Amino acid sequence: TCDEDNDQCIACNEGYYLNKTTGRCQSCNINNCIECNEKKECLKCAEHYELKGNRCALGCKKGLNEKW
C-alpha cells in the first residue's frame with residue numbers, strides 16, 4: 001500500500017518487505033516466504049511450509065510422516 005501524496009509505501013504485499021531507506025517494497029527473494037524483514041530474513045512461510053533457519057521447508061502433517 002502506497003501513499004500517493006509523497007510516493008512512499010506504508011505496507012507491502014506477501015513476499016515483499018518495506019525498504020525504509022527507499023520507501024519502496026522489495027522482494028524477499030526466498031522461495032515460499034510470505035513475510036521477511038529488511039535483512040531478507042524470512043519471518044513467515046507459505047501454507048504447508050515451515051521456517052527452518054532462513055528458509056521455508058515443506059512441512060509434515062501433524063502425527064504423520066508423510067509430507068503435504
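Modeller: Cys12 is partly exposed, at a relative accessible area of 25%; buried here means under 20% relative accessible area, exposed over 50%, and partly exposed in between, computed with a 1.4 Å probe on protein chains only. The model is predicted, so local features are reported only where pLDDT is at least 70 and side-chain atom pairs only at pLDDT 80 or more, whereas totals for chains, interfaces and linings use all residues. Residues are numbered from 1 along each chain as its sequence is written, and side-chain values use heavy atoms, leaving out hydrogens and water.

The structure contains four disulfides, a disulfide being a pair of cysteine sulfur atoms within 2.5 Å. One of them joins Cys12 to Cys25, with an S to S distance of 2.1 Å. The torsion about its S-S bond is about -90°, so the link between Cys12 and Cys25 is left-handed. Strands (E, at least two residues) are DSSP runs, numbered from the N terminus. Cys25 is partly exposed, with a relative accessible area of 29%.

A further disulfide connects Cys28 with Cys36, at an S to S distance of 2.0 Å. Its torsion is about -95°, so the bond between Cys28 and Cys36 is left-handed. Cys28 is buried at 2% relative accessibility, and Cys36 is buried with a relative accessible area of 8%.

The sulfur atoms of Cys45 and Cys56 lie 2.1 Å apart and form a disulfide. With -85° about the S-S bond, the link of Cys45 and Cys56 is left-handed. This pair bridges distant parts of the chain, 11 residues apart: Cys45 is in strand 6 (residues 42-45) and Cys56 in strand 8 (residues 55-58). Both Cys45 and Cys56 are buried.

Strand 8 pairs with strand 7 (residues 49-52) in the antiparallel sense over four bridges, where pairing requires that DSSP find at least two bridges between two strands. Across this pairing, Leu51 stands opposite Cys56 and Glu50 opposite Ala57. The hairpin of strand 7 and strand 8 has two residues between the strands, and Gly53 takes a positive phi near 70° there. Leu58, also placed in strand 8, is partly exposed at 36% relative accessibility. The C-alpha atoms of Leu58 and Cys45 are 9.6 Å apart, with 13 residues separating the two along the chain.

In soluble globular proteins, nonpolar side chains tend to be buried together. Beyond its neighbours within four places in sequence, Tyr17 is in contact with residues including Cys12, Cys25, Cys28 and Cys36, contact meaning heavy atoms within 4.5 Å. Tyr17 also touches Arg24, Gln26 and Lys40, among others.
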